[in-house]
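Trainee: I am new to this structure and would like to understand the terms used to describe it. May we go through them one by one?

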Amino acid sequence: MARTGRGRIGSALLGAVLLIALGTATTGRAQTLSGLDLYRTRCDGCHELPEPDEPKRSRIEWDQILTRMIRTRGAVVSPPEKTALLNYLDSFNRPAREIRWVETPARSRKAAFPSAQTGKLPEEWVDLTLGADETIPWAIQGDARSTYVQPLKGAAENQFPSLLDNTGVVQSGTSRARFQLLAGKSPGAGLLFGYRSPQSYFGVRVAPQNAVLYEVQGGQRALRARAGVGVTLKEWHTVAVEIKGKAVQISLDGKPLPDLTRTLEGYRGGRCGIHTQGDTLARFDQWELMIP
Ligand code: HEC
C-alpha cells in the first residue's frame with residue numbers, strides 16, 4: 001500500500017514536472033509567432049534573410065540547414081519553433097495544380113481559415129500574383145492568438161499577390177475582408193472584384209494615408225478614385241465593396257467612403273478576392289461574400 005502511495009505521488013510529481021516542461025516548450029515562446037514571423041525575426045541576424053523559395057529546397061534540405069543554423073551557427077530556435085519554421089518553408093513546395101474556374105453564380109459565404117489547415121491554402125481559393133510570372137503562394141498562418149491567410153513572402157514593386165475566391169462569379173453583391181497591414185515599403189492591401197483575367201479586373205487598396213479605387217482593362221491600370229483616409233499599421237480594419245449593377249460603394253470600418261463611390265461603366269461582373277501590394281506584409285482573417 002505504502003509503496004503504491006509513494007508511487008502515485010512520485011508519478012504525480014513527475015507528471016507535474018513534465019507538464020511544466022511541456023508547457024514552457026509549447027506555450028512559451030513557441031507559438032507566439034507564426035512560421036513566417038519566426039522566419040522574418042530569427043533568420044536575418046547573421047546574414048540577410050535568405051529567399052525562402054530561391055533556390056527551392058525540400059523539407060529534408062531545410063531541416064538539415066535549420067539543424068546546422070541551430071547546432072553549429074548559434075541560431076536561437078526552440079524545437080517547436082523549428083517545426084513551425086520547417087512547415088513555413090515547406091509550404092513553398094506545392095504540387096503544380098491546374099486551375100479549374102467555377103463558372104456558376106457565386107452564393108453568399110463566409111470563409112474560414114482554420115488552424116488545422118495552417119500552411120495550406122483552402123481548396124476554394126486560387127492564388128496568383130498579378131503583374132508577375134511567378135505566383136507567390138498564400139497559405140494559412142497562425143500564432144498563439146489567431147489564424148489568418150497571407151502571402152508567404154513579399155513581391156516586387158508593381159506586383160500584386162492576390163487570392164481569388166473560386167466559388168463562382170459575382171454580378172451584384174457585397175464582398176468584405178478584415179485585414180491588418182504589418183510592414184512594407186509602401187504597404188497596402190484590399191479587395192479585388194470583377195476579376196475576369198489578369199488583364200481585366202477592379203480593385204480597392206487601402207494604405208496608411210489613402211484608399212484608392214482602380215481598374216485594369218487590357219492590362220492597363222487606371223486610377224478611378226482616391227480618398228484621403230487610411231488605416232493604422234498592425235490593427236485590424238474592415239474594407240467592403242458593395243456592387244449594384246455598375247454602381248460601386250466602398251466602406252472602411254463600416255463607414256461608406258463617398259469619395260470612392262462610382263459608377264464603373266466597364267464592370268461586367270467577375271470574381272472577388274483580396275490582394276496586397278508589392279512587398280507588403282499583411283494578413284486577412286475574415287472574408288465574406290453576400291449575394292442579395
Ligand atoms: C547565429 C548566426 C545565424 C543565424 C541566427 C542564422 N544563420 Fe544561417 N548562416 C549562418 C552562417 C555563419 C552561414 C554560413 C555557413 C553555413 O552555411 O553554415 C549561414 C548560412 C545559411 C544558409 C546558406 C546555406 C547553404 O547551404 O546554402 C541558409 C539558407 C541559412 N543560413 C538559413 C538560415 C535560416 C533559415 C535561419 C533562421 C533559422 C538562419 N539561417 C539563421 C549563421 C546564422
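Trainee: Why are H2 and H4 called roughly perpendicular to each other?

Mentor: Helix H2 (residues 35–42) and helix H4 (residues 79–90) pack at an angle of about 105°. That lies in the class of 65 to 115 degrees (under 35 is roughly parallel, over 145 roughly antiparallel, the rest oblique), and H2 and H4 are therefore roughly perpendicular. Their axes are 8 Å apart; axes are lines fitted to C-alpha atoms, for helices over the stretch in contact, and angles run from 0 to 180 degrees between N-to-C directions.

Please note that this is a predicted model: local features need pLDDT of at least 70 and side-chain atom pairs 80 or more, while totals for chains, interfaces and linings use all residues. Residues are numbered from 1 along each chain as its sequence is written.

Trainee: Which residues make the contact between H2 and H4?

Mentor: Gly35, Leu36, Leu38 and Tyr39 of H2 meet Glu81, Ala84, Leu85, Asn87 and Tyr88 of H4, where contact means C-beta atoms, placed from the backbone, within 7 Å. By class, this contact has 6 nonpolar, 2 polar and 1 charged residues.

Trainee: How do you know whether asparagine 158 is buried or exposed?

Mentor: Asparagine 158 has 11 other C-beta atoms within 10 Å. A residue is exposed with 12 or fewer, buried with 20 or more and partly exposed in between, so asparagine 158 is exposed. Asparagine 158 sits in the loop between strand E4 (147–151) and strand E5 (160–165).

Trainee: To which class does aspartate 253 belong, and why?

Mentor: Aspartate 253 has 13 such atoms within 10 Å and is therefore partly exposed. Its place is the loop between strand E12 (247–252) and strand E13 (255–256).

Trainee: What makes the phi of these two residues worth noting?

Mentor: Most residues other than glycine have a negative phi. Asparagine 158, not a glycine, has a positive phi of about 60°, and aspartate 253, also not a glycine, has one of about 50°.

Trainee: What makes the peptide bond from glutamate 54 to proline 55 cis?

Mentor: Its omega is near 0°. Proline 55 lies in the loop between H2 and H3.

Trainee: In what order do the strands of the open sheet run?

Mentor: The 7 strands follow the order E2-E5-E15-E7-E8-E9-E10, with antiparallel pairing; strands pair if DSSP finds at least two bridges between them. E2 (125–130) and E10 (220–227) are the edge strands, since each pairs on one side only. Strand E7 (residues 189–197) and strand E8 (residues 200–206) have 6 bridges.

How values were computed: Helix = DSSP H or I, 4+ residues; strand = E, 2+ residues; numbered from the N terminus. Contact = placed C-beta atoms within 7 Å. Nonpolar A, V, L, I, M, F, W, Y, C, P; charged D, E, K, R; others polar.
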